[in-house]
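Thanks, everyone. I'll keep this short: one model, a sheet, then a ligand.

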Amino acid sequence: MDILTMNRIKVDSLILVLWACCTLTRCSSDVDVLSPKLTRCTHERAYDMYGAYCGGLRLEKIPNLKSSIEILDFSENRLNELQASTFTNYPNIKFLYLVENQLYRIDENAFAPLIYLQTLDLSNNVILQLPQTMFQLPSLRNLYLKNNPLLHLSINNLQLRKPINAPLELLDLSNCKLEKLPNWGTLPHLVQYNISHNPLITIDAQHFASMCGLKKVDISKSIDKIENVCELKPTIHWFQVNAISMDLDDYARLNSKEFNECPSMTENDLIVLNTTHHTCRSMYSKFHNTFTSRRTWLKVTGGLAGFLVCFMLLLYIMHRYNVAQTKTPAEKIKKVTPKNENDRDAAKPILNDSSDVSRL
Ligand SMILES: *[C@@H]1O[C@H](CO)[C@@H](O)[C@H](O)[C@H]1NC(C)=O
Ligand SMILES: *[C@@H]1O[C@H](CO)[C@@H](O)[C@H](O)[C@H]1NC(C)=O
């Protein structure tokens, strides 16, 4: 009996302790939630790059950060405009994430100082107007503009200087309420193009012919509003001819009898598309050639410099060797000179003898 009550007390106290622990941890975690862990941006090194991380801090302005940053993550804040001076202190940024702010206005020169910028993510904002200088950034490869529901109001009036200089490889324009695709001109580097979830009313194969490196295009939920299904035929045909993989959630329209009965592309249409494609290819090779020739030039000069250094080093070693060679006999002679008086005298008679001989 005694043992049983003892045990019950033990169990009770154990439960009490457990309950206390639970409530305490719950309390402390509640406190954690109430007071945000981070209120300031942190600086960190990641992927061998120096970055500033300011995600989810509800900031309305970019605070003063280290000017050497290469990554800036300013996602989930309350930024609503980018001014010409916003990034002037951070010229080394390569990756810029401004996802989910309230960006509305972007100054024409806001991105201009970012000549090393490779990835720009402006998803989930309310951007009304894109600066055209953004498309001239010399290193910009990945551009995300998805979920910008106001972008359609201005994007077709974008005054683009063509050809676009930015070597864009990925362009995401999904869910931007676009009815028409903007005319980008030639995009020789573009590989991935996401134009899904846009209520397109028209589509033109020519648009894709000027993207001669295109491998993947997502047009899911974007072709339902195109009234004349036959307008799709040349585009779909072009994708097939060029082995461009197409994402489409619903193939019903393409499997319809109506689509199958559409006239196929004429030889002339194909020639026009081929010409555009070839122009794009030659732009690509021109870019590639200047790039490789610049690299070869660098390699050649580098090699030459290396050779010169090696040659000078060799000359120096030879010089040292020669100096050593001329020194050694003298040292040997010094060593040979007798040390004690007797030895020195021992050499004398012979000398004297020979002098005697010569005298004789
Ligand atoms: C294109 O964008 C949509 C919506 O943003 C996304 O769900 C889809 O995965 C993207 N497609 C590709 C191929 O990345
Ligand atoms: C267009 O280009 C494709 C592939 O480069 C080629 O097979 C086709 O013959 C060309 N057609 C015309 C009409 O030039």
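Thr-42 stands opposite Tyr-53 in β2. Keep in mind that this is a predicted model.

That pair belongs to two antiparallel strands. β1 covers residues 42–46, and β2 covers residues 49–53. How many bridges join β1 to β2? Five. Together the two strands make a hairpin, with two residues between them. Look at Tyr-47 in the turn: its phi is positive, about 50°.

Now zoom out. The sheet is open and has ten strands. Read the order with me: β1-β2-β3-β5-β7-β8-β9-β10-β11-β12. Pairing is mixed. Which strands sit at the edges? β1 and β12, the latter at 245–247; each pairs on one side only. On average, neighbouring strands are turned by 10° against each other, with direction ignored.

Val-217 stands opposite Met-246 in β12.

On to ligand 2. Which residues are around it? Glu-267, Leu-270, Ile-271 and Asn-274. By class, that shell has two nonpolar residues, one polar and one charged. One distance to note: an oxygen atom of ligand 2 is 2.4 Å from an N or O atom in the Asn-274 side chain. How much of ligand 2 does the protein cover? On its own, ligand 2 has 360 Å² of accessible area, and the protein covers 44% of that.

That's my tour. Over to you.

Note on methods. Residues are numbered from 1 along each chain as its sequence is written. Chains are lettered from A and ligands numbered from 1 in the order in which they are written. This is a predicted model: local features need pLDDT of at least 70, side-chain atom pairs count only at pLDDT 80 or more; totals for chains, interfaces and linings use all residues. Side-chain values use heavy atoms; hydrogens and water are left out. A residue is near a molecule or strand if one of its heavy atoms lies within 4 Å of it. A polar contact is a pair of N or O atoms within 3.5 Å; within protein, one must be able to donate a hydrogen and the other to accept it, and residues adjacent in sequence count only if both atoms are side-chain atoms. Accessible areas come from the Shrake-Rupley method with a 1.4 Å probe; for residues, only the protein chains shown count as cover. Ala, Val, Leu, Ile, Met, Phe, Trp, Tyr, Cys and Pro count as nonpolar, Asp, Glu, Lys and Arg as charged, and the others, Gly among them, as polar. Two strands pair if DSSP finds at least two bridges between them. Helices (H or I, at least four residues) and strands (E, at least two) are DSSP runs, numbered from the N terminus. Axes are lines fitted to C-alpha atoms, for helices over the stretch in contact, and angles run from 0 to 180 degrees between N-to-C directions.
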